[in-house]
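Hi,

Here is the structure I said I'd pass on. Have a look at it first, and my notes on what turned up are just below.

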Amino acid sequence: MGDKVEVSDEITNSALNKYFSREVQLNLKDKDDSVDIAIPIIKKISEEIHRNDPRFCAQPTYIGSHAQGLKVQCADEFDVNVKLNDVDDLPCGSHFTPRYYGFNRPIDGELRTIPNDLEVIPSTVPLPNPENGYTYLEWRGRDSHLWQDDDLFMEDNLIPFLVNRHFRNLLCAAIRNLDMRVMVRKASKLRGPAIMIYINVPGHHEITVDFSVTYEDNTPWPDHISWPSKHQKWPTAYKAIQVHKAGVHCVAKKPFDWYWSFAKAENELVKDIDSDGGCRKKCHRVMKKLRDDFWCTSGYAVLTSYHLKNVLFWECQSYPSEEEWANDMISTRLISMTRYLLRCIDNYKLMQYFDETVNLFESKNEDHLIGIGRNIKQWLEEPEWLKNEE
């Protein structure tokens with residue numbers, strides 16, 4: 001699909017730059033106000049959670065679009081990792097032993113809430129091995145005084161479902177104890193692995209904060225990943241070393257499996273990505289706004305910012321030279337990235353940049369993706385919205 005689409009000659013550098021200025025660029029005052037509102041609240045909540053259970057770190061780590069300078073229009077979302085404290089270096093690789101436990105009742109599909117009546121119990125039927133991109137954490141002989149209780153374990157495995165539920169309860173207690181219930185409320189449903197809260201302050205738009213619990217202590221890169229490849233020209237060898245040093249971590253995502261997250265590596269990769277004066281971040285941010293305004297009109301959260309970030313990384317690797325990302329190349333790069341995205345949708349396959357065993361579209365509704373593909377194709381052929389930008 002992507003290579004056969006006729007692209008309108010109205011998608012020009014001038015039109016895209018005007019669209020960026022009008023629709024994409026952050027309002028700096030709004031950004032500063034959002035930071036002034038959200039950061040102290042996040043800090044107080046994190047410290048209160050740590051006070052009640054020191055297994056959770058008091059210092060949050062900021063990741064995602066806000067931390068990477070990739071937000072669009074207004075600063076309304078913050079992504080926060082909460083690290084587990086005082087955890088040994090745990091084996092988390094691709095060699096798995098059978099795990100004989102499960103829930104006390106059947107669960108249909110993905111968990112969208114964390115029921116208090118759902119328990120993890122022994123089972124005679126082993127769990128399936130983790131899918132690509134996932135692992136489990138086995139911790140035998142726990143020496144840390146913080147981790148002597150078995151409340152979050154089964155068969156010496158640290159259970160993400162139990163960790164998330166305990167953290168959710170601590171978060172609710174923190175909001176209550178800090179008397180924040182007037183301006184802070186917890187979301188009733190999960191959004192991915194995160195526990196989400198809403199912050200509402202009079203005179204300012206709503207701010208969402210996603211808390212994700214992570215295991216980070218000296219976590220090695222998974223054995224099967226050989227990034228970067230020998231002949232890869234982007235990023236530079238020095239930057240690749242820094243990305244590796246940033247490391248990976250495991251996020252409590254599925255009920256029994258931890259997700260390999262490259263958020264810190266991505267933070268490092270995005271940092272200074274446009275030190276040559278290029279338009280990489282601008283292209284990504286324009287794509288995010290196009291997604292919101294024109295491509296994803298069904299209301300389903302199918303095409304995510306993370307998908308588009310991986311499209312950016314693949315484009316940077318395919319076009320590594322500075323000249324290909326000069327500011328007068330914004331239309332060329334944006335059209336190229338959009339064609340690549342269309343090919344991925346057509347093949348129902350978008351591979352994670354660091355771990356090519358993971359298809360980021362695997363769990364997405366194929367019909368919804370096809371509909372998005374049609375919208376993108378129509379945008380490339382007839383960008384009516386750009387006529388007012390010229």
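The chain exposes about 18,500 Å², and carbon and sulfur atoms supply 48% of that. Accessible areas here are Shrake-Rupley values with a 1.4 Å probe, and for residues only the protein chains shown count as cover. Before you dig in: this is a predicted model, so local features need pLDDT of at least 70 and side-chain atom pairs count only at pLDDT 80 or more, while totals for chains, interfaces and linings use all residues. Residues are numbered from 1 along each chain as its sequence is written, and side-chain values use heavy atoms, with hydrogens and water left out.

Overall build first. The secondary structure comes to 10 helices and 13 strands (DSSP runs numbered from the N terminus: helices are H or I with at least four residues, strands are E with at least two). The radius of gyration is 22 Å, close to the 21 Å that the globule rule gives for 390 residues, so the chain is as compact as a globular protein of that length. That radius is taken over C-alpha atoms, and the rule is 2.2 Å times the number of residues to the power 0.38. Along the principal axes, the C-alpha atoms fill a box of roughly 65 × 50 × 40 Å.

Of the 390 residues, 51% count as buried (under 20% relative accessible area; exposed is over 50%, partly exposed in between, with a 1.4 Å probe and protein chains only). As for contacts (heavy atoms within 4.5 Å), residues 24 or more positions apart account for 71% of those with a separation of 6 or more.

Now the aromatics. Rings of Phe, Tyr and Trp (its six-membered ring) pair if their centres lie within 6.5 Å; planes under 30 degrees apart are stacked, over 60 edge-to-face, and the rest tilted. By this rule there are 23 aromatic pairs. Take W221 and W227: their ring centres are 6.1 Å apart and their planes at 10 degrees, so they are stacked. W221 is buried at 12% relative accessible area, and W227 is buried at 7%. F262 and F354 are stacked too, since their centres are 5.2 Å apart and their planes at 25 degrees. This pair links distant parts of the chain, 92 residues apart: F262 is in the loop between β13 (258–261) and α6 (263–270), and F354 in the loop between α9 (330–347) and α10 (366–381). F262 is buried at 2% and F354 at 3%.

Two charges sit over rings (NZ of Lys or CZ of Arg within 6 Å of the ring centre and within 35 degrees of the ring normal). K253 lies over the face of Y259, 4.3 Å from the ring centre, and the charged end of R333 is over the ring of W325, 5.6 Å from its centre.

Lastly, the backbone. Most residues other than glycine have a negative phi, and most peptide bonds are trans. W227 to P228 is a cis peptide bond with omega near -5 degrees, and W234 to P235 is also cis, with omega near -5 degrees. D179 has a positive phi, near 55 degrees; it is in the loop between α4 (160–177) and β9 (184–186) and exposed at 63%. D272 has a positive phi near 65 degrees, lies in the loop between α6 and α7 (280–295), and is exposed at 53%.

Cheers
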